[in-house]
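Reader: I'm new to this one. Can you walk me through it?
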Amino acid sequence: MAALPNLEEWLVDSNAAFNISLVSPTPSGLQLISTFNPSFTYPIFGEDEKIFGYKDLKINLRYRANDMRPHVQTSYSNKFTPIGETEPMDVTRMLKEDAQVPDIAFGKAADFETNSQKLGDDWTPPGELHSSFEGSDGTYEIWKGTLADPAIKQLNKRIQLLIPLFIEGGSYIGQAPDPDVSDAEMPDADRWTLFLLYRRQPSSVDPDKSSYVFVGYSTIYRFFYFRPPPTPPASPNHDWELPQGDLDLTQLPCRTRLSQFLILPPFQGNGHGARLYKSIFEYYHKHAQTHEFTIENPNEAFDELRDACDLKFLRTVPEFAALKLNPSVTVGKRGLIPPLIKSSEELEAIRVKTKIAPRQFARVLEMHIMSQLPDSVRPRIDPDEKVPSKSAADRHLERLWQLLVKQRLYRHNRDILAQIELSERIDKLGETLLGVELEYARLLAAHGSSSVSANKAKRRLDDDAESTSSKRTRMDDE
């Protein structure tokens, strides 16, 4: 009787086996621009991120760097012979059904290469040019369009696979939830806006022409924003009727939500993400119909980027920059806490003006106020750094800032905290406050707003920004 095979020998790490590359056509053939592996493959191959049934398995997903047309090639040195119900995983079927890779990606490699050669240098990104900036390796352009544009919709289908591969818990957008409904019938296609980031550089064939390389993108969705009128409207007369025709949704008030945000790994660490976010935020800050700009389930890396950009923007608003703790405030051991910030009655007006969501505005305000604390009490990331002695006035400002943070933490987590004993509740708030202090200190140091070594913190921030792991451990995660 033949010995049963060792099944573990036929398991392959799907993250290592899956290779993604960007290629660009040249007169001599396709040129490799960059290659990288995904961060996550569990949405396709399961939680263990293992593929059974192959040895030396390689899944090569090539993207044409400009229009992101995909092509998939798989190879292996040996394939498991089925025994009963134990058989190799059908990689191609899983890529088609679970990853929703377009059928065009499974064509012949020769056809992909020939088609790439024919595309030429007359290609430009879909949509309209939104803005541009100069980088060390070329000019970067941001193009904008909605899913109502067929070219944008096609590009979106090609790059959506990148979201679950690099953002934990990321999901597809712009596809009909009902399989019986075609994408063409999606009623909200015009509510989805894509901002596409490309690097433009001289063509290798003709220096007078340009070639484009896809760098990253972001998707934005607009929700209707209900704003009750300050006074009841006058009752219509008997001749009043509903307006004829469809309403123009682009003219209605909305809450704008950033849904997805991705910079491809080869282009991370160069500030491209911050420039893309800044361009998007500034656009919607000036957009008359947008009343609030929000983020959908940000992970830790994006939270870092967002905090830094929002803080920099808010400090350009004179009313925000002038906000300070009120040192004359006296806080007793009992009773309500008085307003801790000077001109606190203006906070909501400033928030509405800047269109930042309430919790994010409160957090960035806390960072701003913390950066104003005296050196002796300002939280730091280096516990061994020498600091001046604390005066009574310094300790008072420190307590006011800590109360400011604890107020927000308690409000947001009131239901959870109400279920535990008072002493444990106080300890929990104190532990969370320490985490917030470290988080803010690291970000402020990285962006030159603290006396901590900016270079040390900047390196730490850049390292974290490469990851799309789970959110920070804090009670008030958004």
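**Around glutamate 296**

Author: The side chains of glutamate 296 and arginine 257 are joined by a polar contact of 3.5 Å. A polar contact is a pair of N or O atoms within 3.5 Å; within protein, one must be able to donate a hydrogen and the other to accept it, and residues adjacent in sequence count only if both atoms are side-chain atoms. This is a predicted model: local features need pLDDT of at least 70, side-chain atom pairs count only at pLDDT 80 or more, and totals for chains, interfaces and linings use all residues. Residues are numbered from 1 along each chain as its sequence is written, and side-chain values use heavy atoms, leaving out hydrogens and water.

Reader: What does glutamate 296 touch?

Author: Arg257, Leu258 and Ser259, not counting residues up to four places away in sequence. Contact means heavy atoms within 4.5 Å.

Reader: Which annotation covers Glu296?

Author: The unreviewed UniProt entry marks Glu296 as "active site". Positions are given in the numbering used here, feature names are shortened, and annotations may be inferred rather than shown by experiment.

Reader: New topic. How many residues of α11 are buried?

Author: 12 of the 14, so α11 is largely enclosed by the rest of the structure. Buried means under 20% relative accessible area, exposed over 50%, partly exposed in between (1.4 Å probe, protein chains only). Helices (H or I, at least four residues) and strands (E, at least two) are DSSP runs, numbered from the N terminus.

Reader: What do those buried residues of α11 pack against?

Author: Their partners include α8 (300–314) and α14 (422–446).

Reader: And glutamate 296, how accessible is that?

Author: Glutamate 296 is partly exposed, at 28% relative accessible area.
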